[in-house]
Amino acid sequence: MNATTSSDKLINIDNGGTLTDICVIDGAQVYRTKTITTPHDLSKCLFDGLRKVSRLIYGDEDLTKLLRTTRYIRYSTTQGTNALVERKGPRLGLIYAGDACDPQALQVDENARGLFSALVGTRSQKLSLDGPREELTQAAVRAVNVLASQGANRIVVAFAVPAREAREIELKRALLRAFPPHLLGALPMLYSHELCDDPNDARRTWTCLFNAFLHPSMERFLYTTEHKLRASKARNPLLIFRNDGYSARVAKTVAIKTYSSGPRGGMEGAKALAAQYAFKHLLTMDIGGTTTDIGMVENLDVSELRYGMVEGIATSFPLCNVVSAGVGGSSIIRVKDGRIVVGPDSVGSAPGPACFGLGGRQATMTDAFLLQRLLDPKSYFGGDMNIDTERACAVIHEQVATPLGLSDLDAADAMEKAWVDTVAEGLKRHASIRPDTTLAAFGGAGPFVVCKIAEAAGINQVIIPGLAAVFSAFGIGFSDIGHEFTMRLESAEPPVLQSARDSLRDRAERAMVAEGADMDECRVEEVLNVEANGEIRLIPLNGKEPSNAVPAGARLSLAFKAVRPLQHATLNGKFGGAGHAAQSSGTRSLRMAGRDVDAPLYQAEKQSAGASAAGPAVLEEAFFTCRVEAGWEFEINGAGDIRLQRQASRRA
């Protein structure tokens, strides 16, 4: 079916701190574009991107036609990740009972102390549950008032006591009478039992704190966007791509499951890459404007943690094992105590790097790449953005070169080294580098100096996907609509299991009906989680009983997942066929290794399958640029994927 008339398009959107990526999958045809993120109103950049991609598809802007011929819009965001990295969000208050939820118990190390200080600080109140109900209510009202006077604008209630769920429900009823939610200024309150039933009190409390921190901005934006999409004739509700690899409606998604959802999209794409090219050990590096997200695909499995980590702290939900480091193309680079410091704060898209000309006055790596002439002002961002070399030079001169006593170009070189070392150290901390490790570089800033990063990390082979600049958005195209529910079990006896199955299936059926799907259309998975002796075993059941005995005293829970399959994106590239010399489009005079080099310039989109060349060189397409270092060679296949190899290791 012709791409302009298909009524089954799938739109994937990945919202980052600096840029927002849009990828439209229409059968075998893929359209992609980027737009600058508008943090004051995230719906604006979303609609800007949709209008922009409609021009690519139809020749003229036609948002209504695009939405009417789209089956689903799936959306992911790094806003939650970026908010936590930069510590920008609401001021939380904590009301607790029981030693396990005490702030001292939550702050088990320096990292936890720093995070608790940023999210909660001194805004915590302890309740005693021993007295009469009336005294408890009065104490709780006083606690809310104290936290409000201290500036808390959201409150988490977490109890670590026997019958904690019942006690939290009792308090909730009392506080609803004292502070009716329909009144202006009522403080939103999250009770820990409402989010999860994790028996680990500290982990459950942290999970609720994270969720409360992420919730306000996500809720405002997502519901506003969904309303605007409906007004623009979208056929189906907006779907949120979650960090468990599935998508669901806004009303069926909790805020913490948006954390690292953008990076999870990249991991789904990386898993497909690993399968396509038989990579056994694929380390991923997704560099955006604010963060570098690092993950691993090993033996075709995405690395996932049963109790996922957020900022180094375990949570109650499974999460993809992606580490977000505060270093990206828009990270602020400054001199402190005579040395260069990279991030973790970022200029984002507003005002953006100084070279964007939007008021930015902080030095970033993007400014340095422009000064090194790796970036061409005429072709950057597909030629849609005029970037200013003089502004980049001015901020680097003032904030890096002068404090260090260097020339502007030497300062840019020093910035690059610090930036490369920061990313490479993140890679080495996250994964054991092996001889068969391949580094996948994507995101708008991932390919820039990937050869240097690989060298610093001890990696000899790199792959840059043809859709690298929007790869996380493309990776969402491998997701389905799914919901998972869990229930704790007292035992694994057949009657107990069957009762849990019936209850969880009923909840899943209601959730899928809300998604417009019948259970007959869904794939169902059942997994028994067994925790014993500090280890976790996942036993697939799928309607059966456990084949092996369950250890006495083990903590048990049953997970029930319902998945409605959607059409998936496809990969079809191959490497190693008949090769030929890549066709150069000229040369680019740039700064490499402290000297000026006239390097051949290769336009990636203009190369045919099997094109290859050795560095030094510049590879460029509409939304990414890659500097190929001396000693490296690239090959481009028919799918547009690029393999980079160190020549010495290739000969070996």
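## Basis and conventions

Two strands count as paired if DSSP finds at least two bridges between them. Helices (H or I, at least four residues) and strands (E, at least two) are DSSP runs, numbered from the N terminus.

The model is predicted: local features need pLDDT of at least 70, side-chain atom pairs count only at pLDDT 80 or more, and totals for chains, interfaces and linings use all residues. Residues are numbered from 1 along each chain as its sequence is written, and side-chain values use heavy atoms, with hydrogens and water left out.

## The four-stranded sheet

Valine 156 stands opposite leucine 190 in strand 8. Strand 7 (residues 154-159) and strand 8 run parallel and are joined by 3 bridges. They belong to an open sheet of 4 strands, with order 6-5-7-8 and parallel pairing. Strand 6 (124-126) and strand 8 (189-191) are the edge strands, each pairing on one side only. On average, neighbouring strands of this sheet are turned by 20° against each other, direction ignored; axes are lines fitted to C-alpha atoms, for helices over the stretch in contact, and angles run from 0 to 180 degrees between N-to-C directions.

## Helices on the sheet

Helix 6 (residues 133-149) packs on the sheet and touches strand 5 (92-97), strand 6, strand 7 and strand 8, contact meaning heavy atoms within 4.5 Å. The direction of helix 6 makes about 155° with that of strand 5. Helix 9 (residues 201-231) lies across strand 5, strand 7 and strand 8, at about 165° to strand 7.

## The whole chain

The chain holds 17 helices and 34 strands. Its C-alpha trace spans about 80 × 55 × 50 Å along the principal axes.
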